[in-house]
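User: I am new to this structure and would like to learn how to read it. Please take me through it feature by feature.

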Amino acid sequence: MSAPLKIAVAGASGRMGRMLVEAIQAAPDAELAGALDVAGSPSIGMDAGAFAGQLTGVIIQSDLAAALKNADVLIDFTRPEGTLRHLEYCAANDVQLVIGTTGFDDEGKAAIRRASDKVGIVFAPNMSVGVNVTLKLLEMAAKSFSEGYDIEIVEAHHRHKVDAPSGTALKMGEVIADALGRDLKECAVYGREGVTGERDPSTIGFATVRGGDVVGDHTVMFLGTGERIEISHKSSSRVTYAHGAVRAARFLAGKPNGLFGMDDVLGLKG
Ligand SMILES: NC(=O)C1=CN([C@@H]2O[C@H](COP(=O)(O)OP(=O)(O)OC[C@H]3O[C@@H](n4cnc5c(N)ncnc54)[C@H](OP(=O)(O)O)[C@@H]3O)[C@@H](O)[C@H]2O)C=CC1
Ligand SMILES: O=C(O)C1=N[C@H](C(=O)O)C[C@H](O)C1
């Protein structure tokens with residue numbers, strides 16, 4: 001039997017961090033090797049499994065070097081500024097990375113691309129199997145509805161989410177724009193207000209709903225004359241994201257560097 005994959009978790013007390021700790025504990029081929037959170041967080045000094053009521057023997061700490069000293073890979077679902085700090089350390093110290101954080105600007109994404117020359121990185125705004133299969137369906141649908149259909153993307157998330165539109169909605173927009181030979185930067189419309197004029201058919205619209213405890217809903221509408229096609233994905237638990245992230249960590253074993261998406265991890269490319 002090969003040695004277990006040693007995985008550390010950043011943002012260990014967050015909504016995703018807690019799920020990740022549980023998923024790693026449940027995986028027969030993985031071991032929780034470290035748990036990180038921000039200095040000053042009430043979780044510092046706690047056992048990483050305390051939230052789930054199952055102690056792990058791994059204490060949440062804010063010292064990056066100490067938390068990563070035994071880790072093969074870091075799974076990071078935090079905030080762009082935190083992930084970029086972790087990225088620098090991981091690239092310099094040969095720790096691979098699974099990045100689920102959303103809300104990066106172009107500069108942040110470029111830093112991730114650069115770091116992937118040094119270490120293996122899986123970077124994806126949504127790690128559920130369902131969403132990644134939905135992206136493939138959208139690619140196919142966009143090609144079929146390229147003329148005469150207006151495209152609008154609507155997403156809903158819980159009241160605590162800090163970025164909008166969601167990383168998944170933006171990825172859906174990118175996949176559709178690519179399939180149609182458009183540039184999302186030029187054709188995206190983020191919300192409408194006032195006298196907007198008639199809809200420009202070349203645009204892709206985004207609408208955002210925030211409230212309650214919605215885990216994550218995404219609907220893409222292709223609106224034609226006389227019919228409307230909707231492709232929706234609705235998450236009812238974060239466990240799918242956590243399992244996807246652990247699968248991504250496994251995928252990186254034996255890949256010394258390179259930037260990968262969940263389509264690579266799940267074999268959905270092509
Ligand atoms: N790719 C995917 O499949 C998914 C991606 N996400 C993304 O993951 C991210 C986290 O989501 P969620 O778990 O709901 O968020 P939470 O706010 O619940 O958790 C974030 C965690 O990161 C910590 N944190 C905050 N700022 C920093 C920082 N600067 N450096 C290091 N750690 C920091 C928080 O600590 P503290 O609480 O002390 O501030 C907390 O522990 C978001 O970007 C979200 O969009 C979410 C679900 C699925
Ligand atoms: O913040 C969340 O919760 C989620 N964020 C990701 C995103 O921005 O797309 C993935 C999922 O929708 C949940």
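**Reading the ligand sites and the backbone**

Analyst: Of the 23 residues around ligand 1, those that come nearest are R15, M16, R79, T102 and M127; a residue is near a molecule or strand if one of its heavy atoms lies within 4 Å of it. This is a predicted model, where local features need pLDDT of at least 70 and side-chain atom pairs count only at pLDDT 80 or more, while totals for chains, interfaces and linings use all residues. Residues are numbered from 1 along each chain as its sequence is written, chains are lettered from A and ligands numbered from 1 in the order in which they are written, and side-chain values use heavy atoms, with hydrogens and water left out.

User: Which helices each supply at least two residues of the shell around ligand 1?

Analyst: Helices (H or I, at least four residues) and strands (E, at least two) are DSSP runs, numbered from the N terminus. Here the helices are α1 (15–26) and α3 (80–93). The largest share, three residues, comes from α3.

User: How does the shell around ligand 1 divide by class?

Analyst: Ala, Val, Leu, Ile, Met, Phe, Trp, Tyr, Cys and Pro count as nonpolar, Asp, Glu, Lys and Arg as charged, and the others, Gly among them, as polar. The shell around ligand 1 has seven nonpolar, eleven polar and five charged residues.

User: Where does a polar side-chain atom of T102 lie relative to ligand 1?

Analyst: A polar contact is a pair of N or O atoms within 3.5 Å; within protein, one must be able to donate a hydrogen and the other to accept it, and residues adjacent in sequence count only if both atoms are side-chain atoms. For T102, the side-chain atom is 2.6 Å from an oxygen atom of ligand 1. K161 also places a polar side-chain atom 2.9 Å from an oxygen atom of this ligand. Ligand 1 taken alone exposes 930 Å², and the protein buries 81% of that; accessible areas come from the Shrake-Rupley method with a 1.4 Å probe, and for residues only the protein chains shown count as cover.

User: Which residues are around ligand 2?

Analyst: They are T102, P125, N126, H157, H158, K161, S166, G167, T168, V215, H218 and Y241. By class, three are nonpolar, eight polar and one charged. T102 has a polar side-chain atom 3.5 Å from an oxygen atom of ligand 2, T168 has one at 2.5 Å from an oxygen atom of the ligand, and a polar backbone atom of G167 is 2.9 Å from a ligand oxygen. Of the 320 Å² that ligand 2 exposes when taken alone, the protein buries 86%.

User: Is S166 buried or exposed?

Analyst: Buried means under 20% relative accessible area, exposed over 50%, and partly exposed in between (1.4 Å probe, protein chains only). S166 is buried because its relative accessible area is 1%. This residue lies in the loop between β7 and α6, and a polar atom of its side chain is 2.9 Å from the backbone nitrogen of A169.

User: What should I look for in the backbone?

Analyst: Most residues other than glycine have a negative phi, and most peptide bonds are trans. The peptide bond from A164 to P165 is cis, with omega near -15°, and P165 lies in the loop between β7 (150–157) and α6 (167–179). D94 has a positive phi, near 60°, and its place is in the loop between α3 and β5 (96–99). D94 counts as exposed because its relative accessibility is 58%.
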